[in-house]
Every structure is written in structure tokens, then in C-alpha cells.
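Colleague: Please take a close look at one part of this model for me. I would like to hear about the pocket and what surrounds it.

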Amino acid sequence: MQSTLMRQQQLYRHQSVKQQLGPADLAGFLLSPFRKPKRVRTAFSPSQLLKLEHAFEKNHYVVGAERKQLAQSLNLTETQ
């Protein structure tokens, strides 16, 4: 009898926390220690976009020295 009461209390606590936080908050809280922080999205200028699109037309996977040179010419980091 007591185990049923304990289960009901646990369920009630779980539901009240869920209602207070909301499903998105709860998921974020539970997953936050395992997630990498989101990277800031780069806003490219129109001229940067043109150069990037042109480079992509030539080679869909820019790596190495070409990537470094492209980034420098656009005043970007290699990861941007």
C-alpha cells in the first residue's frame, strides 16, 4: 500500500515540475550537461557570399591551404 502511495507522490512531483518548467525547459535542463553550446551563426556580407559561392562551385569541400587563403581573403576565421 505504501509503495503505491510513494509512486503517486513521485508522479505528482514529476508532473508539477513538468508543468512549472514546461517540456522544452525540462528537456534543456536534462540534456544541458551533455550538449555543446550552440555556435554563433556568422552573418556574411553580400560580397563574402559571392566569393564563397564561387569557391563552392569550384570545389564542394574546401580544405587545407585553400580554405585558409579563402578565409583570409574574406576576413574570416577558418571555422566561419
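**The largest pocket**

Modeller: Sorted by class, the lining of the largest pocket holds ten nonpolar, four polar and three charged residues. Keep in mind that this is a predicted model. The volume of this pocket comes to about 340 Å³. Its lining counts 17 residues, and those closest to the pocket centre are Leu52, Val62, Arg67, Leu70 and Gln80. Two elements each give two or more residues to the lining: helix 3 (46-58) and helix 4 (64-73). Helix 3 gives the most, with four residues.

Now the chain around the pocket. The protein chain has four helices and zero strands. Along the sequence, the pattern reads α-α-α-α. The protein chain has 80 residues, and 11% of them count as buried.

How far does the predictor's confidence go? The mean pLDDT of the protein chain is 77. A score of at least 70 is reached by 59% of the residues. Among the elements, helix 3 has the highest mean pLDDT, at 93. Helix 1 (residues 2-21) has the lowest, at 58. Back at the pocket, then, the element that gives the most to the lining is helix 3, and helix 3 also has the highest mean pLDDT among the elements of the chain.

Key
Residues are numbered from 1 along each chain as its sequence is written. This is a predicted model: local features need pLDDT of at least 70, side-chain atom pairs count only at pLDDT 80 or more; totals for chains, interfaces and linings use all residues. Side-chain values use heavy atoms; hydrogens and water are left out. Buried means under 20% relative accessible area, exposed over 50%, partly exposed in between (1.4 Å probe, protein chains only). On a 1 Å grid over the protein atoms alone, a cavity is a set of points where a 1.4 Å probe fits but cannot get out, and a pocket is an open set with protein on both sides within 12 Å along at least five of seven lines; lining residues have an atom within 4 Å of a point. Grid points are joined across faces, edges and corners, and a volume is the space filled by probe spheres set on the points. Ala, Val, Leu, Ile, Met, Phe, Trp, Tyr, Cys and Pro count as nonpolar, Asp, Glu, Lys and Arg as charged, and the others, Gly among them, as polar. pLDDT is the predictor's confidence in each residue, from 0 to 100.
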